[in-house]
Amino acid sequence: MAKRHSMMWVAALTGWTLIGLTFTLNYYLFAGHYVAIFKEPPTLKEMLVWELPYWLLWAALSPLILRLTRRFRIERERWARSLAVHVVACLILSIAHRAVYLVIGWLLHVAAYQKLSSIPELYASDILFNLPTGFMSYAAILLVSHAIDYYHRYQEEELKISRLETELAQAQLQAARAQLEALKMQLQPHFLFNTLNSISALLEEDAQAAEEMIARLGDFLRLTLESSGAQEVPLQEEMEFLRCYLEIERVRFQDRLSVLIEIAPDALDALVPNMILQPIVENAIRHGIAERISEGRIEIRAARVGDSLRLSVKDNGPGLSSGRPTGSKLKPGLGLSNTCARLEQLYGASHSLEIADAREGGAQVTVEIPFVAARTIGIKQQAAV
């Protein structure tokens, strides 16, 4: 790095030294011209007639130099060849510019050129005069062209990066949606198989109860199919699914199952993952109620807590401490495992799921997710349209 830095300083010093020597040589060789030109101070009109054509000619040559710059970029892979092309082009265009400018100045009766009787005489006298200014003009256009070119390439790279980031984000979103859909599709057969097993067990013991379970199962599947394309639904709609499921379980357990549901009114409109409560309640019934001889109780609550929605499902079963692992050692079944995975996909670090012993006995599952009202989403979508 230090060697490269020192080489840059050497190159800059060499370049400016060459420029200084070029101008010095020009002043030395054409000292008589400068004395003749400025022997008497020119008027403003004479200076305009003298200077404007000179710079307008360079403006006319700029498109050609810009084209040369785009074709012969001074880059690391081919800098020597491109530099040689530009050196030759600079020399040719500077002399050509000078030749045209002298004719224009002679025709416009510029005082400095009127002492010469013909254009060949003018060329012989002044064709090489003030060429360093031409070299500097070419170099300035070259630098500006490179700056514009690098800026455009920088913008193109930024645009490519932005497009790649957008495509990556869309791919990640599609992958997340696919994973969520797969998790949800796993839940439905899981619930269906468990219910069918219960119906099969009841067929021999209580055929009427089995028929009632089949009817409730039909209602539940109808509601599930109606919202099969949604990852999130309002809590009120989720509770309809849950009530259908609980009706099925009440048929199975008869008087051994009671359910308490407490939903805060302002929580009914909150968006929740589709079928998020059913596997949690099923887990509570399976581990907390099914093993009890006496009446089992499930308590389901939902309320808004600040910017979060808190959902809790509690049972009065044996709890986690009765021979089951707790905390991080807990190994939930398929339903709870998929629930955890879906929450992670949908909310990342913005959610929490806790499984713990309840104070009054039994186990309690508490879920907190960001509170988003379904009506707010609808208003935003209408505004976007």
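A crossing is right-handed if the near helix is turned clockwise from the far one by less than a right angle, and left-handed if anticlockwise. Keep that handy for the first exercise. The model here is predicted, so local features need pLDDT of at least 70 and side-chain atom pairs count only at pLDDT 80 or more, while totals for chains, interfaces and linings use all residues. Residues are numbered from 1 along each chain as its sequence is written, and side-chain values use heavy atoms, with hydrogens and water left out.

**Exercise 1.** Work out how helix 4 packs on helix 5.

*Solution.* Start with the elements: helices (H or I, at least four residues) and strands (E, at least two) are DSSP runs, numbered from the N terminus. Axes are lines fitted to C-alpha atoms, for helices over the stretch in contact, with angles from 0 to 180 degrees between N-to-C directions. That angle makes the pair oblique, since under 35 degrees is roughly parallel, over 145 roughly antiparallel, 65 to 115 roughly perpendicular and the rest oblique. Now the handedness: helix 4 passes helix 5 in a right-handed crossing. Next, list who touches (contact means heavy atoms within 4.5 Å): helix 4 brings Arg98, Ala99, Leu102, Val103 and Trp106, and helix 5 brings Ile119, Leu122, Tyr123 and Asp126. Sort them and you get seven nonpolar, no polar and two charged.

**Exercise 2.** Find the residues that touch the most other members of the largest nonpolar core.

*Solution.* Such a core is a set of buried Ala, Val, Leu, Ile, Met, Phe, Trp, Tyr and Cys residues joined through side-chain atoms within 4.5 Å. Buried means under 20% relative accessible area, exposed over 50%, partly exposed in between (1.4 Å probe, protein chains only). Of the 45 members, Val281, Ile285, Ile298 and Leu311 touch the most others. Helix 8 (residues 235-253) gives the largest share, ten residues. A second, separate core has twelve residues, including Leu57, Trp58, Cys90 and Ile141.

**Exercise 3.** Say where Leu343 sits and whether it is buried or exposed.

*Solution.* Leu343 belongs to helix 10 (residues 334-347). With a relative accessible area of 0%, Leu343 is buried. Beyond four places in sequence, its contacts include Pro273, Ile276, His351 and Val367. Leu353 is ten residues along the chain, with 8.6 Å between the two C-alpha atoms.

Note on methods: Ala, Val, Leu, Ile, Met, Phe, Trp, Tyr, Cys and Pro count as nonpolar, Asp, Glu, Lys and Arg as charged, and the others, Gly among them, as polar.
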